[in-house]
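Reader: Please take me through the labels used for this model. I would like each one set against its definition.

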Amino acid sequence: DLQQRVREMALLLADYYPSESEVVVTPVLTGAFMFAADLGRALATETSLNVHYALTKTSTYGNEVGGSHDQRVNIDLAPSDVAGRSMLLVDDILDHGFTLAALRDRLSDWGVRSVQVCVLLDKQLEDPKPQILAQRAKAAPDLVGFKIPDLWVAGYGLDAAGALRHLPCIVAVDKHT
């Protein structure tokens with residue numbers, strides 16, 4: 001199911017870009033690395049896009065499952081790598097939206113040609129606070145793989161306290177273990 005949806009997403013993303021144009025796939029590391037690799041390969045084989053990569057390491061969560069949310073987002077990406085280019089931000093999951101909103105703002109400040117946001121999972125939060133809704137609106141993805149309930153998940157690059165990234169599937173995790 002994951003691989004089929006990734007191929008479908010690549011074909012949908014091709015509609016955002018002119019034929020044979022360059023797109024810079026920018027996975028939000030570390031969680032999006034598997035998804036971004038599969039999506040980039042699908043873009044390169046299923047479309048006429050010229051795919052490049054610019055990796056960015058961000059840090060928003062701590063090491064605890066369900067841990068406290070640190071609203072500082074550290075971004076390891078240079079303006080010279082992205083200025084004037086069409087960017088595709090690829091993230092594993094839209095949760096509170098702090099990371100994607102910060103990345104989208106920073107890329108706009110750096111003069112990119114365009115920014116599209118693609119997430120594998122869109123977590124449907126139960127009773128989010130108004131400030132979380134505002135962040136999620138700023139981070140709104142252009143394309144979503146799957147909507148999921150408000151669960152902690154791992155696998156396919158997503159981790160649970162540093163574990164389970166290696167799984168070829170996505171599993172729900174008990175955040176109390």
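Reader: What makes β5, helix α3 and β6 a right-handed unit?
Author: Strand β5 (residues 86-94), helix α3 (residues 98-109) and β6 make a right-handed β-α-β unit. A crossover is right-handed if, with the strands pointing away from the viewer, the path from the first strand over the helix to the second runs clockwise. Helices (H or I, at least four residues) and strands (E, at least two) are DSSP runs, numbered from the N terminus. The model is predicted: local features need pLDDT of at least 70, side-chain atom pairs count only at pLDDT 80 or more, and totals for chains, interfaces and linings use all residues. Residues are numbered from 1 along each chain as its sequence is written, and side-chain values use heavy atoms, without hydrogens and water.

Reader: How do you know that β5 and β6 pair?
Author: Pairing requires at least two bridges found by DSSP between two strands. β5 and β6 have eight, in the parallel sense; Asp91 stands opposite Val119 in β6. Strand β7 (residues 143-149) is also parallel to β6, with six bridges, and Ile148 in β7 is the bridge partner of Lys123.

Reader: Why is strand β6 called largely enclosed?
Author: Buried means under 20% relative accessible area, exposed over 50%, and partly exposed in between (1.4 Å probe, protein chains only). In β6 (residues 114-124), nine of the eleven residues are buried, so the rest of the structure largely encloses this strand.

Reader: Why are Tyr16 and Tyr17 called edge-to-face?
Author: Rings of Phe, Tyr and Trp (its six-membered ring) pair if their centres lie within 6.5 Å; planes under 30 degrees apart are stacked, over 60 edge-to-face, the rest tilted. The count is one aromatic pair. Tyr16 and Tyr17 have ring centres 6.5 Å apart and planes at 65 degrees, so the pair is edge-to-face. Tyr16 is partly exposed at 35% relative accessibility, and Tyr17 is buried at 7%.
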